[in-house]
Amino acid sequence: MSTTAQSPRVKDRSDDDSLVERFGSTRRGRFTRHVALCLIGLFMMYPLLWLLSSSVKPNGLIFSDLALWPAEWNPSNYTDGWTALEYDFGVYFSNSIIIVVLSILGNLFSCSLAAYGFARLKFTGRKLFFALMLGTMMLPGHVLLIPQYILFAKLGWLNTYYPLLVPNFLATNAFYIFLMVQFMRSLPPELDDAARIDGCGPFRTFWSVILPLCRPAFATTAIFTFISVWNEFFGPLLYLTDPELYTVPLALRQFIDSEGQSQWGPMFAMSVLSLAPIIGFFIAGQKYLVKGIATTGLK
Amino acid sequence: MTTSTEAAVMPEAAARPARSPRGPRRPHGRAHKDRAGYLFLLPWFIGMLFTVVPFFASLYLAFTDYDLLSSPEWIGLQNFADMFDDPVLLKSLKVTFIYTFVSVPLSLAAALGVAMILNRGIKALPVYRAVFYLPSLLGASVAVVLLWRYVFGLDGIVNAFLGWFGMDAIAWTSDPDFALTTLIILHIWTFGSPMVIFLAGLRQIPVMYYEAAAVDGASKWRRFRSITLPLLSPIIFFNLIQSIIASFQTFTQGFVMNNGGGGPANSTLFYNLYLYQQGFNQFNMGYASAMAWTLLVIIAAFTALTFFTAKYWVNYDN
């Protein structure tokens, strides 16, 4: 193996994705790696592909059927599932979409303001507040759960979307602040100086100079917010009791509550629909996601 | 798709001209500087009230008996004393510990292993990375936990697969000995997000270190132990802390897997699930707050322990 060490194939290309064979790579080694990766990938994708295929199989054929290509097609699972619960899934999907869109707007608004303050402005107590912000990033949410519930109950916010939305407009998600701070710090400080010389106050500098440059960080924030809010189960479970307000995850769980043993096909069909937006956003925004976890993960 | 998302995020800013129509405005003085900073942080300050006040309120409630209807009654350390005598609580603690200390090392090992294979320079890297990363975005969704119930069902595909090798079907989800295992497997299935972080870290290690070591005759294992592990140790450390904290707070998986009950025989009753039952099914808000603070102390202790041991195994100089 070590004879390949001086192989002339060693190239240094910093291009992230189209990486060429690195040090010590032999043809057989490459082949083995591809086989191993494909096997692992197959194992990981299999449950999802099985879900997709089961969503169009007739109920009787779903179980014990390992085949991914349905022998018999039953697309009515989708129409049955759509109307299987108390309300149409259209209601649950629009509830989820409302919450997701407002959460994204809230996070972008409040976290970018806070991030600009931390990253580019100097004021008394900045270091202390920044440390406090990092501290809340580590703080497990369950400690706040009960007093927050009591507070929201006293405000009359139970069974409304306020408990799910208002915190997002108040920059309570330190992770996104941190992500944006990291990004804003990487912008050259001369930008602010130039803007100031041109007569911009801090708000104008923020709005016209910094914000347009932060689009990648905003895209990352938007995608992360989308995925986590779309998946969120605990908050809606706690605060929403009226089925008319249910989000998609809460609705999906009702398939089990009703114990309809014949509902597998429709349940799988609705599961596929609930996962589709995440997968879509993932494919569209993979670049931002990978960058996002790499930057916040590393520093 | 990407561009339309970006455009939707901030259409106004892109459309605005960069120059101020007004004349130069140059305020001086420290007070003004402070004011701008505080104005930017205003939403965050209000948000901190939603964090700081509940933080201390839950500490207070931990020493009270409170059912949400009558006012809290101070009972001192009674809640904490009760916890030691609560077999269900001890069981939930045990479930959470087993889950954390089995699934975190296994998923981090899987993440590191696959990241190292990917880092060797492979064609179609973005495709592989996407395939391995995607499950970590779906692992906490209700749809996937529901799917897991049926994949591991008595006549599910896992048993059908085992049947090929002549093994008997296992009652994965209804046998207390196996129910937690299915959730540990689900956790390992989501190794993609630490993998992406590892991969970014591996990219930082210069290839010439490996070349030099190979010239000196170092074996593969030796190169892994003496180059990869030390240089990657800060990232391993970061992933370890993140995973432990997240895993102690598992909720959805236990809730959905067994209809909110944590069954069979409390074998998937995660600590936070029991906390939820105490707080919001039985309305023992004081007891639930005491549980929350106990978990906070446990998490803080493990984090501190990891930090303390860090100086022996985490390498910070370059």
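Residues 205–230 of chain A are 96% helix and 0% strand, with end C-alpha atoms 33 Å apart. Helices (H or I, at least four residues) and strands (E, at least two) are DSSP runs, numbered from the N terminus. This is a predicted model: local features need pLDDT of at least 70, side-chain atom pairs count only at pLDDT 80 or more, and totals for chains, interfaces and linings use all residues. Residues are numbered from 1 along each chain as its sequence is written, while chains are lettered from A and ligands numbered from 1 in the order in which they are written.

**Stretches listed in UniProt**

- An unreviewed UniProt entry lists "transmembrane region" for residues 35–53, 92–116, 128–152, 164–184, 205–230 and 264–284 of chain A.
- UniProt positions are given in the numbering used here, feature names are shortened, and annotations may be inferred rather than shown by experiment.
- Residues 35–53 of chain A are 100% helix and 0% strand. The end C-alpha atoms of that stretch are 25 Å apart.

**The two chains**

- Chain A has 14 helices and zero strands.
- Chain B has 16 helices and two strands.
- Buried residues make up 42% of the 299 residues in chain A. In chain B they make up 37% of 318 residues.
- A residue is buried if 20 or more other C-beta atoms lie within 10 Å of its own, exposed if 12 or fewer, and partly exposed in between; C-beta atoms are placed from the backbone.
- Two residues are in contact if their C-beta atoms, placed from the backbone, lie within 7 Å.
- Take contacts between residues at least 6 apart in sequence: in chain A, 74% of them join residues at least 24 apart. For chain B the figure is 68%.

**Where chain A meets chain B**

- 92 residues of chain A are in contact with 92 residues of chain B.
- On the chain A side, helix H14 (residues 264–298) gives the most, with 15 residues.
- That side divides into 60 nonpolar, 21 polar and eleven charged residues.
- Ala, Val, Leu, Ile, Met, Phe, Trp, Tyr, Cys and Pro count as nonpolar, Asp, Glu, Lys and Arg as charged, and the others, Gly among them, as polar.

**Domains of chain A**

- Chain A is assigned domain 1 (2–82) and domain 2 (89–298). The bounds come from an automatic or database domain assignment.
- 14 residues of domain 1 are in contact with eleven residues of domain 2.
- On the domain 1 side, helix H1 (27–54), helix H2 (59–62) and helix H3 (76–82) of chain A each give two or more residues. The largest share, five residues, comes from H3(A).
- By class, this domain 1 side has six nonpolar, six polar and two charged residues.
- A:Gly81 is in helix H3 of chain A. A:Gly81 counts as buried because it has 23 C-beta neighbours inside 10 Å.
- Beyond its neighbours within four places in sequence, A:Gly81 is in contact with A:Pro266, A:Met267, A:Ala269 and A:Met270.

**The largest nonpolar core**

- A nonpolar core is a set of buried Ala, Val, Leu, Ile, Met, Phe, Trp, Tyr and Cys residues joined through C-beta atoms within 7 Å.
- The largest one has 149 residues, and A:Ala114, A:Ile177, A:Met180 and B:Met195 touch the most other members.
- Helix H4 (residues 89–120) of chain A gives the largest share of this core, twelve residues.
- Domain 1 and domain 2 of chain A each supply at least three residues to this core.
- Leaving aside neighbours within four places in sequence, B:Met195 is in contact with B:Ala111, B:Val114, B:Ala115, B:Phe132 and B:Tyr133.

**Helix H16 of chain B**

- Helix H16 (residues 285–313) of chain B has 29 residues, so at 1.5 Å a residue it should span 42 Å. Its end C-alpha atoms are 41 Å apart, which agrees.
- The expected span is 1.5 Å times one less than the number of residues.
- Buried residues in H16(B) include B:Met285, B:Tyr287, B:Leu295 and B:Ile299.
- Their cover includes helix H6 (142–154) of chain A and helix H13 (220–248) of chain B.

**Two loop residues**

- A:Asn159 has a positive phi of about 65° although it is not a glycine. A:Asn159 lies in the loop between H6 and helix H7 (162–169) of chain A.
- B:Ala265, also not a glycine, has a positive phi near 50°. B:Ala265 is in the loop between helix H14 (252–257) and H15 of chain B.
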